[in-house]
Amino acid sequence: MNRLVIGTKRYSSWSLRGWLAVHLAGLEVSEQVVRLAGGGQTHELRAISPNGLVPYLEHAGARVWESLAICEYCAELAPGLWPLERARRALARSVATQMHGGFAALRQTLPMNEGRVMRPRAEPLSDAVRADIGAVVRIWEECRGAVSGGRFLFGEEMTVPDIMFAPVVSRFHSYGVVLPPVAGAYAEAVRAHPLMRRWRDEAMREPDDWLLAPYETLS
Ligand SMILES: N[C@@H](CCC(=O)N[C@@H](CS)C(=O)NCC(=O)O)C(=O)O
């Protein structure tokens with residue numbers, strides 16, 4: 001059976017990445033959404049995926065975990081998920097991997113919550129978070145502004161770097177992060193993508209008892 005296992009769409013930023021990759025590649029999979037318990041306490045995932053985390057993909061005899069590995073798998077089947085030109089692909093791989101492994105301060109302070117709209121954190125953002133935001137903006141400006149020639153980081157279609165940064169776009173919107181023009185236009189393009197709209201719609205239809213107080217009460 002082909003399946004993609006993901007977590008609560010409202011909160012699960014890594015799931016969004018795996019889900020985008022699978023859908024952009026056109027893979028036919030059934031979708032299994034697991035309600036996240038919060039704080040890494042979703043014990044049922046340990047019986048599902050080898051790393052005990054989502055996203056997790058089973059497809060045509062392959063088992064894939066870690067969102068970046070899922071992106072790579074999808075890109076083997078849909079090569080347009082990476083830029084075709086070598087130097088552009090090198091840049092794309094670098095920024096995608098930088099996002100996968102980095103920006104911890106941003107991720108911890110501004111957790112994804114699709115239900116939160118333009119509501120800044122009450123406390124001023126720390127230097128570390130502001131540095132992360134600045135670094136993300138510079139990447140978007142370099143790729144979208146100088147390299148792309150299109151709406152997304154490497155052209156007119158979403159590629160793996162856009163997948164990796166998609167939850168950051170969501171976070172910036174949720175917490176009302178003010179962006180300079182090129183980064184702002186890029187964020188709007190990502191938010192307007194039909195798959196991003198669909199994810200948001202589906203997130204908003206999740207049951208009320210899937211809401212997690214620590215995220216909902218974050219001031
Ligand atoms: N490095 C992993 C991170 C995956 C991850 O942390 N997923 C979270 C959900 S966003 C998870 O499964 N948490 C388990 C839990 O909450 O119990 C990846 O890239 O896929």
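## Aromatic pairs

There are 5 aromatic pairs in this structure, where rings of Phe, Tyr and Trp (its six-membered ring) pair if their centres lie within 6.5 Å. One of them brings together Tyr11 and Tyr215, with 4.9 Å from centre to centre and 40° between the planes. That makes the pair tilted, the label for whatever falls between stacked (planes under 30 degrees apart) and edge-to-face (over 60).

Tyr11 sits in the loop between strand 1 (3-7) and helix 1 (13-24), and Tyr215 in helix 9 (residues 213-216), so this pair ties together parts 204 residues apart in sequence. Helices (H or I, at least four residues) and strands (E, at least two) are DSSP runs, numbered from the N terminus.

## About the model

This is a predicted model, so local features need pLDDT of at least 70 and side-chain atom pairs count only at pLDDT 80 or more, while totals for chains, interfaces and linings use all residues. Residues are numbered from 1 along each chain as its sequence is written, and side-chain values use heavy atoms, with hydrogens and water left out.

## Around the ligand

Which residues come nearest to the ligand? Of the 14 around it, they are Thr42, Val54, Glu66, Ser67 and His100 (near means a heavy atom within 4 Å). The shell divides into 6 nonpolar, 7 polar and 1 charged.

Now for polar contacts, pairs of N or O atoms within 3.5 Å. A polar side-chain atom of Glu66 is 2.7 Å from a nitrogen atom of the ligand, and one of Ser67 is 2.7 Å from a ligand oxygen atom. Gln41 uses a polar backbone atom, 3.3 Å from an oxygen atom of the ligand.

Most residues other than glycine have a negative phi, and most peptide bonds are trans. Glu66, in the loop between strand 4 (62-65) and helix 2 (67-77), has a positive phi of about 75° without being a glycine. Val54 and Pro55 are joined by a cis peptide bond, with omega about 5°. Pro55 belongs to the loop between strand 2 (30-34) and strand 3 (56-59).

Notes:
A polar contact is a pair of N or O atoms within 3.5 Å; within protein, one must be able to donate a hydrogen and the other to accept it, and residues adjacent in sequence count only if both atoms are side-chain atoms. Ala, Val, Leu, Ile, Met, Phe, Trp, Tyr, Cys and Pro count as nonpolar, Asp, Glu, Lys and Arg as charged, and the others, Gly among them, as polar.
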